Amino acid sequence: MAYYVSLFQLWEEWGIDLIKIDDLSDSYSTKYTVYPDGTPPYRQADIEGYAKAREIAGSDIVINGSPGRGLTGERVDKILGQLDTMRVSADVWDSWADVNKLFTPAKEYVKYANTKPGKYIDLDMLPFGTLKDKTNNPYRASRLTKDEMITSMTLHLIARSPIIMGGVLYKLDPNNAADKFTLDLLTNKEAIAVNQKGTNPRSFYDADNITKWVSDAADGSKYVALFNRNGSAANISFDFADPSIGLAAAETYNVRDLWAQEYAGSFTGSYTVNVPGHGAALYKIVPASNAEAVPTVNISTPDTIVHAGESETITTTVTNNGLKDVTQVEVSLELPAGWSAAPAAGNSNTIASLAVAQSHTIEWKIEIPETASVTDNSVSTKVTFNDNGTAYTKRTSTQMTVIPASIPEGFFEDFSNGKVGWTDAGAGTWTVADENGNNVLKQTASTAGTSTTRSEYRTTVTGKTWLDAIYEVDVRYDGASRNNDLTNWFTLMFRKSEQDNTFRQDTYFLYWRINGQLTLAKGPSGTTLGTYQTPALSTATAASAWHHLKIANVGNRIKVYVDNAPSPVIDVEDSTFKLGFAGVGSNASAWSFDNFVVRVDGDLVQTSGTYDLNAEKASDPDNKIEIPVVLFNNTVWNTYLIDSKGNQRELGLNDGDDYEKETSNYATTYKLTKNLLNSLEAGTYTFQIALSDGSHADYALTIVDTTIVNVDYTAPVTTDDAPQGWVNGDVTVNLTAVDSESVVAATYYSLNGGAPHAGQTVSIAEEGIHQLVYWSVDQAGNVEDKKSVSVQVDKTGPSLQVVLDKTGFWPANNKPVSVTAAVYSEDDLSQLNRIELTSITASEEAAQAGPLIQNADYGTLDTAFMLLASKAKDGSILIYTISYTAYDQAGNKTVRSAVVKVPHDQSE
């Protein structure tokens, strides 16, 4: 076996596609016993060995074997289970007798191959062209007549036998009439399609030396082969309605002669042709209703969602399903502005001619710009071609929705740090106000309780767009009671195409009037998608209250929820807008907003929680851990519990002793059981949810035990050693937590609004202004108020340019010459600190004595000084180099220089 495997490995190195294993029959061996039924024996062990060796070698080389003749039944099935092609005939040479004897094994054995896709019978070689006998005889031409060659080739094609040319290929001369005939037979693409694309070949008539075969074409047409095995010409007919052929019923049938590569015409009932002795005919029969007069363009595309700034592959297939060959075929793509496309390497979008039933496939690379529109983009395939001087054009198109180069993660804003990262539009004014220690966003431009101010105010999250998301906000009406004034409303906008347009332009918007009317609408005309009536938001006798609004927009589905109700009050489908910005707005009166949230696939609704092991809290309904994760297109692959040392415990997918699972409204909630929680020691853990896209959601779990702690009502105190001001290198911030009354259980931090992490060391390498928020929890369950510190990193020196008003002196008269420098510098991050004149140097000693440099005040921004116009003592050019250094606030510095040259003579 090792030897056989090594052979396949060697053949793979040589690039071999097919091997022929001859003499697998044991007809002449006494080592093997003849089967009891008289069937000749064959080398089954060798066949199995070759097949197994190929498998072990990981090879896809085709195996053609000759196990001998006379095999039937399960033995053939077994052989074809291991070989790719099975020789079913004796050797074939260039005589009519040899060709004629192929019909019997072809008919008998093709039925076995038909049941095994990818397996074929082998009718031996085609003895065409220049041949040479096994003896030392000289080369000679094939003795087959042209009609006998057509018969041999036709039988090989219709029976799907491998087309193996038995002559000497390099001796085929296209300028020789006989050789050209042979080449035309071997390269006729329409005829070869019968062998490559026909299926279920079968003989449906065999009598009086007239044989008829048929095979199926993918488009419902049939390939029909007619053989006259007599010595003289004969008329051969077949009926289109013959059930053995299996043609679909039609009034007329188009008959295409594949050897002549032309249509014989349209016929009804039957078709008759005169076939010469020892000759054959090969046709494609097409029901007239199936045939088109022009090509059909098929286009396959990637997913309808593509990514800006990336390449996508699109495959175009052009197929001539017509009745005539066409020429001058050219394929092109029509793309949105800014997009580009070119055929991939090795592909051509021009075809000189396209025969009937022939296809041409082009693979394109489409470059999508980062600025591509996020709306539907039409990509059309255009095909132009010529038919006898008449030009035709056909098109087909597909729609592509573009996702921006980077899609932001989920978003949360509670306005605790003010209103940062929002873009305002409209006439309103937004402020952040403290209400009993909680910051809320207020729209205060209008006068509450009056109808004199009718202004519409909008604000959206800056620079962030979303595709599938859940949007949530808390809202309160702050105006006076006017519950019949329908112009008083608040709106939540999403999938908004632009940041600064009007709220109705190219966006979905949900607006809530103070009379309780809730309306989901879209677009400039405000087309209504759904409505719902809630109680009035404010009345003459009832004070205003906070309400919670949620929109789940996934794919084409939009669901609206009010005040945390489990079921949507509006549930519609619409596909007008695919992706865009999100924000809030209002009109005509005063409103307040808080807790604006955008949740995306894989987000945790809560990112951390604490569980107390104290037995006295076992029945406390709030002493629990429930972890909701948002799931749109993702699925959960696994769940893990990881302790602070990195030890991982697999919890699996199914409900059990570790958690219970509840699914509703795009969220799956993992409810950790008391059995699991009580089995843990006090400390920090991560409940990790592995998702199908390869990402994971991490929930920070803190286990405390207040039974081992004295009464403690004081939260820990955490400090940081973050550097003050700007720094020009990587920063490591150490967080130190102390608790005067118990033990610190965990310290958490969040960087730039990201997910919280447990830990006391934070590494920051990227340039920019970073916001670090941190807090600690003790074992008594006291949670420290969040603290924040700004870490400012700038590793890049300022830009600096030095331009002198003189670049050279002449004459070199040994007199001082005034020079003035213009110095330009800026720094995008930490800003410029200072610029200094660092040095002025001369390249050589001057020819004349005296001070070379005068009035230069180094260490300051001195831009005016005197340089001596003197030649160099050694006869070379004297070069003054004036250098400045710019420093930014982080300590980065940049040095730039300019030069003044004093030549030795004017020729320099």
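Pro-811 sits in the loop that runs between strand E55 (799-804) and strand E56 (816-826). In this predicted model, the peptide bond joining Trp-810 to Pro-811 is cis, with omega at about 10°. That is worth a look, because most peptide bonds are trans, and most residues other than glycine have a negative phi.

Asn-436 lies between strand E26 (430-435) and strand E27 (438-443), while Gln-831 lies between E56 and strand E57 (832-842). Here they are side by side.

| Residue | Phi | Relative accessible area |
|---|---|---|
| Asn-436 | near 55° | 84% |
| Gln-831 | near 80° | 44% |

Asn-436 counts as exposed because its 84% is over the 50% cut-off. Gln-831, at 44%, is partly exposed.

**Cores**

The largest nonpolar core has 58 residues, and the members that touch the most others are Phe-128, Leu-155 and Trp-213. Leaving out residues up to four places away in sequence, Phe-128 touches Ser-142, Leu-144, Met-149, Ser-152, Met-153, Met-165, Gly-167, Thr-182, Leu-185 and Leu-186. There is also a second, separate core of 38 residues, with Trp-430, Trp-466, Tyr-471 and Leu-537 among them.

Ala-141, in strand E6 (residues 140-141), is exposed, with a relative accessible area of 55%. Beyond its neighbours within four places in sequence, Ala-141 is in contact with Asp-94 and Gly-129.

Helix H8 (residues 189-197) has Glu-190, Ala-191, Ala-193, Val-194 and Asn-195 as its buried residues. An α-helix has 3.6 residues a turn, so residues three or four places apart point the same way. Glu-190, Ala-193 and Val-194 are among the buried residues of H8. What covers the buried residues includes helix H6 (146-158), along with strand E8 (210-216), strand E9 (222-228), strand E11 (253-257) and strand E14 (279-287). At the start of H8, a side-chain oxygen of Asn-188 comes to within 3.1 Å of the backbone nitrogen of Glu-190.

Glu-190 and Ala-193 turn up again in the lining of the largest cavity, together with Tyr-223, Arg-256, Leu-258, Lys-284, Val-356 and Ala-357. That cavity has a volume of about 40 Å³, and the count of cavities of 30 Å³ or more comes to 1.

How much space lies in the second largest pocket? The volume is about 470 Å³. The pocket is lined by 19 residues, of which Lys-550, Val-605, Pro-628, Ser-664 and Ala-667 are the closest to its centre. By type, the lining divides into 8 nonpolar, 6 polar and 5 charged residues.

Which strand gives the most to this lining? It is E40, with 3 residues. At least two residues of the lining come from each of strand E29 (469-477), strand E34 (547-554), strand E40 (626-630), strand E43 (659-664) and strand E44 (667-672).

Technical notes
Residues numbered from 1 in each chain as written. Predicted model: local features only at pLDDT ≥ 70, side-chain atom pairs only at ≥ 80, totals over all residues. Heavy atoms only, no water. 1 Å grid on protein atoms, 1.4 Å probe; cavity = no way out; pocket = protein on both sides within 12 Å on 5 of 7 lines; lining within 4 Å. Points joined across faces, edges and corners; volume = space filled by probe spheres on them. Helix = DSSP H or I, 4+ residues; strand = E, 2+ residues; numbered from the N terminus. Nonpolar A, V, L, I, M, F, W, Y, C, P; charged D, E, K, R; others polar. Core = buried A, V, L, I, M, F, W, Y, C linked by side-chain atoms within 4.5 Å. Buried < 20%, exposed > 50% of the residue type's maximum accessible area, 1.4 Å probe, protein only. Contact = heavy atoms within 4.5 Å. Polar contact = N/O pair within 3.5 Å; in protein donor to acceptor, adjacent residues only side chain to side chain.
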